[in-house]
Every structure is written in structure tokens, then in C-alpha cells.
Amino acid sequence: MSTIPYATAYHAPVLSQTVLKYLVTDINGTYVDATAGGGGHVAAILSVLSPKGRVVAVDRDADAVQTVKARLPDAIKMKQLVVYKGRFSNLQNLIPNLLPVTGLLLDLGVSSHQLDSGQRGFSHRQRAHLDMRMDTEFDITAADIVNGSSEDELVNILRSWGEEPYARRIARAIIANQPVETTTDLAHIVRDAVPTRWESRAVSRTFQALRIAVNGELDELAQLLEASPEIVAEGGRMVVISYHSLEDRMVKRMLRDGVLEGESRRDLYGNRLVPWKPVTRRPVVPDAAEITANRRSRSARLRAGVRCPVPVST
């Protein structure tokens with residue numbers, strides 16, 4: 001990962017130069033990285049800001065918060081960087097005195113550190129307790145969901161958040177093998193429940209679905225997207241990197257229609273009241289060189305929007 005700009009052993013930031021291109025419009029502005037991870041994107045943004053510019057780094061993972069603080073102590077000392085532990089859905093309560101901001105960045109999904117730390121239970125490649133909590137202070141783990149849910153509840157989780165076509169087979173196999181305590185045990189159960197050609201995808205989808213369920217990821221994203229027009233100042237930018245279609249559809253809908261469900265708001269003349277205008281016609285994806293250097297970037301999709309005045313005619 002050494003060839004990736006701003007990468008460390010903790011995490012390699014995806015599409016860092018593209019993030020700067022679409023996010024930073026004022027070098028004196030205030031920018032929020034609401035998924036700070038290992039601080040790669042934070043460092044990238046700081047590198048192009050003036051001494052008057054500022055970055056707010058937020059992450060729900062205590063390891064990430066400590067990593068960012070240890071990585072960028074000079075920026076903190078110079079008051080160019082402030083770091084908070086918390087959920088990005090609570091952003092308005094975390095930094096009320098700094099809003100609205102010039103730009104907001106979300107790099108969704110899990111970090112390399114979370115995947116590589118076997119004890120966190122995010123990866124099926126290492127034997128570990130089924131945990132998957134991004135915030136280890138949270139009570140509910142993946143094991144609680146796997147062993148405490150009915151077959152129908154598991155099917156709903158796998159279909160809704162993993163888009164898994166063999167959800168019923170997998171759910172039945174899980175119920176038949178309860179209690180399921182480790183990542184490798186769950187992966188083995190899933191592989192045995194589906195046709196051979198679909199084993200790898202089924203395992204990935206199952207782990208994705210459980211991770212989303214444990215951490216409430218889509219609810220978190222929905223809350224932030226709905227609050228985003230109040231978080232970002234007019235003329236400011238929002239950049240979101242997603243890693244699966246569920247997230248990407250939500251981001252696309254918000255940037256295009258200003259809502260996640262139903263019809264766009266309209267004024268008395270029928271004009272749509274849309275707070276965002278997309279600045280990326282299609283999602284931006286990593287090039288071949290970045291994917292070669294960081295295989296985990298291959299599913300990344302970046303979308304960006306500019307905050308419009310409301311009401312606005314489109």
C-alpha cells in the first residue's frame with residue numbers, strides 16, 4: 001500500500017486525489033471527514049488547506065480516533081484539526097458551533113484495520129468471535145443476531161442488506177447449527193448451504209448483511225443524508241464513497257431528488273425544491289493502478305454534489 005497516497009499500515013484511503021478535486025472548493029474552509037478511519041483523507045485535505053482552513057475528523061471506532069490523533073498531532077496543536085468519537089448520524093450534536101461547513105466527506109464501509117484485526121470479527125478469513133461492532137462499546141454483536149434471530153428474521157437481514165438470493169437456505173443452515181460463535185464457523189455453514197459456484201459471493205454477502213445489521217449502517221447513512229442540507233453551507237460540497245449498491249442508491253437519490261423516499265418537494269409552481277446538484281454524472285471509480293495497489297478499492301463508487309440554495313428550480 002506504500003504506493004497509495006496518504007496510506008499507512010492502518011488503512012489506505014480510496015480515491016484520495018479525486019476526493020480533493022470534488023470536495024475542496026475553499027482552502028480557508030472547514031471540512032468534515034465523518035468516517036476518519038486511519039486519517040488518510042484527513043491528511044490529504046489538510047495538505048491543500050491554508051493555515052486558516054480546518055478539518056473535523058469523526059469516527060465511531062475508538063481505535064480510529066486514537067490513530068488520527070497520533071498521526072496528526074501538529075495539526076491538532078495548530079488548531080487545524082479537531083477529532084471526535086461519535087456516530088456521523090449525530091454530527092449536528094457533535095459540532096453544532098462549526099456548522100454549516102464547507103465540505104462533508106463520507107468513506108463508507110470498513111477500514112483495512114478493522115478487516116485485518118482478527119479479534120474484531122469482520123473478516124471470514126481469520127477465526128474470531130462473531131463481533132463486527134464498529135463501536136466496541138455497543139452491546140449487540142453479530143453472534144447475538146445470528147443466534148438470537150428466527151429463520152424469517154435472518155432471511156430478512158440477508159435479503160435486505162446482503163441482497164442474497166440464497167437467503168432462505170443460509171438462514172435454515174444457521175438455525176440448524178446454532179449456536180454459531182466464530183467467523184470461520186459461519187463461513188463454513190454458508191458455503192455448505194449454497195451451490196459451489198456461489199460460495200464466495202454468498203459468504204461476502206452474509207458478512208456484509210450482518211455487519212450492516214450490527215452497526216445500523218443504512219439507518220445511520222439515511223439520517224446523515226437527510227440532515228446534509230443543514231450541515232453543508234450553500235455552495236459547499238458533499239462527497240460520498242460507497243462500496244455496495246444499497247449505499248450508492250441512497251446517495252444517488254439524495255443528490256438527484258433531495259429525498260430518500262417518495263417524490264421531491266415542490267413549490268407552488270411545481271418546481272422541485274432540491275438542495276443538491278450532482279457534480280459527478282456517473283460514479284467515479286478507482287483506476288486500474290489503484291485497484292492493483294489496493295484490491296479493497298475495487299468496489300468503490302464516488303459521488304459528489306454541490307449544495308444549492310433552496311428553493312431551486314431544476
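Trainee: What should I know about the numbers before starting?

Mentor: The model is predicted, so local features need pLDDT of at least 70 and side-chain atom pairs count only at pLDDT 80 or more, while totals for chains, interfaces and linings use all residues. Residues are numbered from 1 along each chain as its sequence is written, and side-chain values use heavy atoms, with hydrogens and water left out.

Trainee: How many salt bridges does a search of the whole structure find?

Mentor: General idea: side chains of opposite charge can pair when their charged atoms come close. The cut-off here is a side-chain nitrogen of Lys or Arg within 4 Å of a carboxyl oxygen of Asp or Glu. By that rule the search finds 17. One of them joins Arg-87 and Glu-220, at 3.3 Å from N to O. Arg-87 sits in the loop between strand 3 (81-85) and helix 5 (91-94) and Glu-220 in helix 12 (residues 217-231), so this pair ties together parts 133 residues apart in sequence. Those elements are DSSP runs numbered from the N terminus (helices H or I, at least four residues; strands E, at least two).

Trainee: Is Glu-220 buried or exposed?

Mentor: Buried means under 20% relative accessible area, exposed over 50%, partly exposed in between (1.4 Å probe, protein chains only). Glu-220 is buried at 6%, whereas Arg-87 is partly exposed at 23%.

Trainee: Which residue has Arg-87 over its ring face?

Mentor: A charge counts as over a ring if NZ of Lys or CZ of Arg is within 6 Å of the ring centre and within 35 degrees of the ring normal. Arg-87 lies over the face of Phe-138, 5.4 Å from the ring centre.

Trainee: What does Met-238 touch?

Mentor: Contact means heavy atoms within 4.5 Å. Leaving out residues up to four places away in sequence, the partners of Met-238 include Leu-104, Trp-276 and Arg-303. Met-238 belongs to strand 5 (residues 232-242) and is buried, with a relative accessible area of 1%.
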